[in-house]
Amino acid sequence: MSKTVKALLSVCALAAAAGTAHAQEQVVNLYSARHYSTDEALYTGFTKATGIKINRVDADDAGILARLKAEGAASPADVILLVDAARLYKGEVDGLFQPIKSKVLNDAIPANLRSNPVADGGIAWYGLSTRARVVVYNKVKVQKADVDTYEELGDPKNKGKLCIRSGSHPYNLSLFGAVTEHMGEQKAEAWLKGMVANLARPPKGGDTDQIKAVAAGECDIAVTNSYYLARMMRSTKPEDVAVVNKVGVVFPNQESWGTHLNIAGGAVAKHAKNQANAVKFLEYLASPEAQNYFANGNNEWPAAKGVALDNPALKAMTDGKPFKSETIPISAVGANVTKVQQMLDRVGFQ
C-alpha cells in the first residue's frame, strides 16, 4: 500500500472518529427563566457530575411559554425552568410539557409542590425551590399582631398603609390564588377589595421597591417574596443595612393555614430530543448539593425533603425556627388564576 493511500485512510479514520465523538456528545438544551448568576454553579456541577453539556436560552416565563408554542415540534428545548407556579400550571394545561416518571423526584419533592399525576402516574412539573410571600412592616408605626395574617391586609384598621406591586404580577396572582383556595371566591374578592381600599399609593415597582417604601415612610406595610428581603439582609451596602434596620418581617397565618409558598420549578419539554438527559438534570436539581445552591446562592428555601440549609439571612428571618407553610396543592393555586384576574378587574386592583 502506497504512503499516499495510507495517509488518506488515516485522515478518513480520524474524520470518522471525530464524527462519532460529535454524535455521541451528551447535551441538554435548557430554556430558563432563572436569571441568577449563582445558578452558574448548578450548571457547572451537573456537567462535572454527568459529563452532559448544558446549552441555555434565557427569557422570562411568559416569553419561554410563547416560544415553546411558536416552535412546536421543532423546538430544541429539553428542560424548562420557570419561577412561578401559575406559569408552570399554564404550561402544563397548554400541553407544552411531557409528564415523566422519576422515583428520585417523587421521593424528594413533596406531592403538594408538584403537578397532579396524569393517568399513567407521570408528573408534568416539579417545584425545585420555594419562596415565601411575607409581610414587612415599619417597626415603629405598626404592631406585628396587626399584620400577622394575610386577611389583615384587607382590614380597615390598615387603611392607607399598604404598598404592593401590581396585582397582576405572577407573584401576587399566586398569592391571591392561594387565598382564594383557602377562603372561597366570595370572601377572597371582598378581601381584595379591602386591600385596594388600604393602598397608600397605586401599585408600582418590584418587591424590593416595596421594602424600601416601608423604610422610607411611603407606607407602613408591604408584601414581598422572602428572597428579596434576604438579599438586603446579606448586603453590606449602608443603604441596604439602613432599610433592613427599619423593617420587621412576618410569616403570615402561622395560627391557621400557614404562609404562602410560591415555587421555581422545572419540566421536561413536550418535544425533548434528549429526554433521558433532561430527567437527569431535574433529578440533579433535587439533590442536596443543588438544593443548597438554591438556598445559599439565591436565598430560596429547598423544596426537597430533609435538606438542611445554612443561610444566615433565612435563619434570621425565622429566628432559626421552622415556620408553618400552607399545604394546599400548588397546582390548585395555578388553577385559580383566571378567577383571580377577573376579581382584580372587578375591584379595580391595578
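Tutor: Begin with pairing: two strands pair if DSSP finds at least two bridges between them. The model is predicted. In it, strand β1 (residues 27–32) and strand β2 (residues 53–58) run parallel and are joined by 6 bridges. Within this pair, Y31 is placed opposite V57 of β2.

Student: How many bridges join β1 to strand β3?

Tutor: There are 3 bridges between β1 and β3 (residues 79–82), and these strands also run parallel. Here Y31 stands opposite I80.

Student: Are the residues of β1 buried or exposed?

Tutor: A residue counts as buried under 20% relative accessible area. In β1, 6 of the 6 residues are buried, so the strand is largely enclosed by the rest of the structure. V27, N29 and Y31 point one way, while V28, L30 and S32 point the other way.

Student: How are helices α3 and α4 arranged relative to each other?

Tutor: Angles under 35 degrees count as roughly parallel. Helix α3 (residues 61–71) and helix α4 (residues 85–93) pack at about 10 degrees, their axes 10 Å apart; they are therefore roughly parallel to each other.

Student: Which residues meet there?

Tutor: From α3 come D61, A62, L65 and K69, which meet R87, K90 and G91 of α4. The residues of this contact comprise 4 charged, 2 nonpolar and 1 polar.

Definitions and conventions. Residues are numbered from 1 along each chain as its sequence is written. This is a predicted model: local features need pLDDT of at least 70, side-chain atom pairs count only at pLDDT 80 or more; totals for chains, interfaces and linings use all residues. Side-chain values use heavy atoms; hydrogens and water are left out. Buried means under 20% relative accessible area, exposed over 50%, partly exposed in between (1.4 Å probe, protein chains only). Helices (H or I, at least four residues) and strands (E, at least two) are DSSP runs, numbered from the N terminus. Axes are lines fitted to C-alpha atoms, for helices over the stretch in contact, and angles run from 0 to 180 degrees between N-to-C directions. Angles under 35 degrees count as roughly parallel, over 145 as roughly antiparallel, 65 to 115 as roughly perpendicular and the rest as oblique. Contact means heavy atoms within 4.5 Å. Ala, Val, Leu, Ile, Met, Phe, Trp, Tyr, Cys and Pro count as nonpolar, Asp, Glu, Lys and Arg as charged, and the others, Gly among them, as polar.
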